[in-house]
Amino acid sequence: MSGDISRLFGRAVQDLLEAALPAGTDVYYGKVTRPDHELTYPYVVVWVIPATLIRGNLAGNLASPDSRVQLTGVGRDEDEVALVLDRCGYALQGQRPTITGYRAGLIWQVPIQVPITRNEDLWTPEGTPTYRGVSMFRLSSEPVPAVGS
């Protein structure tokens, strides 16, 4: 599917995290697919942000898609969230994902200044609050030219 880099990048991030994070750490794409009472902590949700085109030269006739994903880490306390998001950073930073139809660059973490906060919308089955935090990563890529172009 042409112009599908955002979804493909999100799925590549999901695959990288599932391979790198400790067993039992769930990675969801776009939504949590388990009922609250079945969740295990910590877990991560990959949220895709639609790509933007970045001008690559002064003439403005070369533009590469710049894709981003937000990772939301959820845990039983602040330290659990910090740990899972740090592990995500180590798993993704500097990786070059394989994305069919694109020449992918390296994944880089985008600095954001968002603290870990208590989540008033999700409580553990034991009745304790959960906490959440976010990290963001980006990827620049170029479509691979069609053969004969």
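A: A residue is called buried here when its relative accessible area is under 20%, exposed when it is over 50%, and partly exposed in between, with a 1.4 Å probe and protein chains only. Helices (H or I, at least four residues) and strands (E, at least two) are DSSP runs, numbered from the N terminus. The model is predicted, so local features need pLDDT of at least 70 and side-chain atom pairs count only at pLDDT 80 or more, while totals for chains, interfaces and linings use all residues. Residues are numbered from 1 along each chain as its sequence is written, and side-chain values use heavy atoms, with hydrogens and water left out.

The protein chain has 2 helices and 7 strands, and from the N terminus its elements follow the order α-β-β-β-α-β-β-β-β. Helix α2 has 15 residues and spans 21 Å from its first C-alpha to its last, close to the expected 21 Å, where the expectation is 1.5 Å times one less than the number of residues.

At the start of α2, a side-chain oxygen of Asp-77 comes to within 3.1 Å of the backbone nitrogen of Asp-79. Asp-79 itself lies in α2 and is exposed, with a relative accessible area of 63%. Although Asp-79 and Tyr-131 are 52 residues apart in sequence, their C-alpha atoms are 9.2 Å apart in space. Tyr-131, in β7, is the bridge partner of Arg-118. Strand β6 (residues 117-123) and β7 run antiparallel and are joined by 4 bridges, two strands being taken to pair if DSSP finds at least two bridges between them. Just after the other end of the helix, Gly-94 adopts a positive phi of about 80°.

Which residues of α2 are buried? They are Glu-80, Val-81, Val-84, Leu-85, Cys-88, Gly-89, Ala-91 and Leu-92. An α-helix has 3.6 residues a turn, so residues three or four places apart point the same way.

These buried positions lead to the question of the interior. A nonpolar core is a set of buried Ala, Val, Leu, Ile, Met, Phe, Trp, Tyr and Cys residues joined through side-chain atoms within 4.5 Å. The largest such core has 24 residues, and those with the most contacts inside it are Val-13, Leu-17 and Leu-71. If contact is taken as heavy atoms within 4.5 Å, and neighbours within four places in sequence are set aside, Val-13 touches Val-46, Val-69, Leu-71 and Leu-92; Leu-92 is one of the buried residues of α2. A second, separate core of 7 residues includes Tyr-28, Tyr-43, Val-45 and Val-74.

For the chain as a whole, 39% of the 149 residues count as buried. Among contacts with a separation of 6 or more, 62% come from residues 24 or more positions apart.

Terms used: Polar contact = N/O pair within 3.5 Å; in protein donor to acceptor, adjacent residues only side chain to side chain.
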